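Subject: Structure handover, aromatic contacts

Hello,

Here is the structure for your files. Please keep it open while you read the notes.

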Amino acid sequence: MADLSVNLGGISSPNPFWVASAPPSNTGYQCHRAFEAGWGGVVWKTLGEAIVNVSSRYSSLDLNGNRMVGFNNIELITDRSPEVNFREIKECKERWPNHAIVVSLMTDTRESWHEYVKRSMDAGADGVELNFGCPHGMCERGMGSAVGQNPDVIETIVGWVMEVTQIPVIVKLTPNITNITYPARSARRSGANAISLINTINSITQVDLDRLCPEPYVAGKSTSGGYCGPAVKPIALNMVQQCAADPEVKLPISGIGGIQNWKDAAEFIALGATNVQVCTAIMHYGFRIVEDMIEGLNDYLDRSGMASVTELIGRAVPTIDRWENLDLNYKRIAKIDYDTCIGCNLCYIACEDGAHQAIALVDPDAEGIGEGPGRLPGKAVPKIKEDECVGCNLCSLVCPVDGCIDMIDIDTGKEPMSWTQYQERVASGDMEPIPPHQ
Amino acid sequence: MEIRPILDPETATRNMAEIEPKYSPQEAVTEANRCLYCFDAPCIRACPTGIDIPAFIKKIATGNITGSARTILSANILGASCARVCPTSVLCEGACVLLDRDQQPIKIGRLQRYATDHVLDDNINLFSPPTKKSGKRVALIGGGPASLGCAAELALLGHEAVIFEKKPEAGGLNTYGIAYYKLTPEVSLKEVELVKQLGVEIRTGVEVGRDITIPELEKEFDALFLGVGLGSTLRLDIPGEELPEVVEALHFIDDIHTKPLHEVAVGKRVAVIGCGNTAIDAVTQAKRLGAAHATIIYRRGERDMPAYVYEYELAKQDGAEFVFYAIPEAVLERDGHVCGLRLVRTEMDAQRNLRVIPDSAFDFPCDMVIKALGQEKMTAMLDHLLPGLDLADNGTIRRDDQTGQTNIPHVFAGGDAANGGSEVVNAVGEGKKAARGMHRFFSQQEATGPIQWSRMGVVDAPPYGAGLDAPVRVQETATSFR
């Protein structure tokens, strides 16, 4: 049984799975339900100055019948009073002393930041998370992503918070920026204890083609919202890795963005996150999903011979390098398993029209391919033209049968050579330039 | 005793309602999304009319239902009835690659029905008569699926088509002869309207040979298409066959299609002779119309029956009964009405030859006998109409498989009269082929697309760089190997 407990910049929790600051962490009731289900921490829905929400707040991207592959919201910070929220935070912390409760904050003046940080400490919070990420509504008032897009302002505000705080400070970053390491470095310089990312991405998920107005629809109008859910995971993983690998950031990371299950969580942790935060999957399925996350992560760690989740943190970070350092002499090609090929020929048309014309449709009898499923008289089967295959992976990606198309390593007999080395060798006359592909 | 209708209108309507209701939009999209969108898909090849199935399914998934129906109906104008009556498990669905992965093919028939119902129910006008006319005219004899498929294709190719049908409505067996719970006459008649939308003229109540002669047609038209189907049910040739309660299966089914359901007379104990798909249609409908017992009498065993397995299953679910290895020797009579059958037992020897077991006769009580032994060929009628027409030994019309052309160059044929009795979709496919054969006959040119969209079916496509003006020729039978 692996040790799943983590410590994020001084905040400890029994497992790395936290509820992100969002609708699921809006009330004490939800917080209790989350901890009962097994979540290790909760980041309370952002507190700040009084706001009023609109009706109609969410929209989503469905894909081929799968609901909520991407999710979008235009909801603002909490619309409940600070008094009610802090009272519930206090009650919750008293009942769950070993679980992490972090209060998300978003306000404007120095005095206001001071007040909210102090009240969070008074309520017994384990830490605060500064919301510099929300890309809708609050940014129009100079808060949320408007802060996260300006490294100088980040430093100023974190500085104000550090003047009074006696608990750890997490800075939540917006991805709506060209280079995520800039705001991350600002957080580091100003003394924050951790960063969390990503917050949501500017988005419009869909246009209602009858009304010719996007969802969420608010009385004839809509507004740009914040995008999250499974579709954003690749963007979040990239940004987490960039921060983890940056020598000037060097802060613990709370990974956020499209995490649905233990595998997603393990990937974030392998790319440098200490823990993860989840929202959309809870909004889709409820708090109960954490059971599988705990069990799955634990089994994976046991299987991989890791005694604790901390051993996994950042393990895959060194494998990500600049393109120029990749081995040009590495070669793989596609291999079709005819015992499982069902004959959909999607690999053929994908390669023919979408890639490198390296698959032929052939007569299986004439080619000696033999029997297999999906054979009909006169029906062609795909065959890899090994000399033409560049090993791009496309066929194996479109193949609907698990394990039918594998990418096989080919021994080229050549020493590894990066683009950088290649440039040097050609410049020094050690080798001829590689002829262009036909 | 004389037989009468049994059920009240409500019960009869409920019992005969369609067995597979239409998909809801969400059901359709969910099922459509399962489709892999295969390239050069096996389902297309398995369809005698070559519908681009992955394309129409993809269009359902994207919400382009009208486009989906256009894809279906421009390849098979009877796509709505075929969606209901095709033996999909041995055609398109039987070729679905997902059988090899999930054991569950895409429900192509039900999706096809969803798309075609959309345009038929909402009266969406998909077709209009082609503007470019060849000036060639074709007379089609018989108004069933073969002629409708042929006429639609002729219209798409720019030729004028006139159908001659002796019944009051066109559609053939689709209108008059398929189990009511599978296909109602309304759907068939809407398809007839689609054919008319293409500019095809349909003259109903006109019998060729009686109301108009072949020479008269030959004067007026450039070619003839024989889509005459098959004739009466084969006779039992046993005593008692002339009793009023001994009926042909197709007459019984015709009654169901032309009378209110609660006015169709049916026995309390019905015996159906034969075990093909029409026999199943008859036995299940007898049961659904109130027969206490409806029994198939078949001279061979369960594994020999010509009916599809799923039809047999349906009959069993409907409570039909089966007597295997028995042949009727006589229809038994009381007071001028049927009171039973005298049956004799049969058995199969080691060579699977059937023989009657001596002294095995027994009486089977029933008050109605439905004959479903298959239909006669139209040999006499064809000999009379076209004395020079070459017929095969089994009485079917000899014709070229690919063009439908008979030994008389301007006479083409397709459907049951030519293939001896097959599915609706085969009749439509043969009608299409004959239309393309006539096109070649008129113009000495191949029909140009778009008829069949399977990419691998495109032959003689202009080479890369040849420009986009050159016509792309499309072959009916796709070939995989280039």
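The notes below cover aromatic pairs and charges over rings.

This is a predicted model, in which local features need pLDDT of at least 70 and side-chain atom pairs count only at pLDDT 80 or more, while totals for chains, interfaces and linings use all residues. Residues are numbered from 1 along each chain as its sequence is written, chains are lettered from A and ligands numbered from 1 in the order in which they are written, and side-chain values use heavy atoms, with hydrogens and water left out.

Rings of Phe, Tyr and Trp (its six-membered ring) pair if their centres lie within 6.5 Å; planes under 30 degrees apart are stacked, over 60 edge-to-face, the rest tilted. The count by this rule is 13 aromatic pairs over all chains. A:Phe86 and A:Tyr116 are a tilted pair, because their centres are 6.4 Å apart and their planes stand at 35 degrees. A:Phe86 is in helix H2 (residues 82-95) of chain A and A:Tyr116 in helix H3 (residues 110-122) of chain A, 30 residues apart; helices are DSSP runs of H or I, at least four residues, and strands runs of E, at least two, numbered from the N terminus.

B:Phe412 and B:Phe441 pair edge-to-face, with 5.8 Å between centres and 65 degrees between planes. B:Phe412 belongs to strand S14 (residues 411-413) of chain B and B:Phe441 to helix H18 (residues 424-443) of chain B.

B:Arg110 sits over the face of B:Tyr23, 4.4 Å from the ring centre (CZ of Arg or NZ of Lys within 6 Å of the ring centre and within 35 degrees of the ring normal). B:Lys167 lies over the face of B:Tyr176 at 4.1 Å.

Regards
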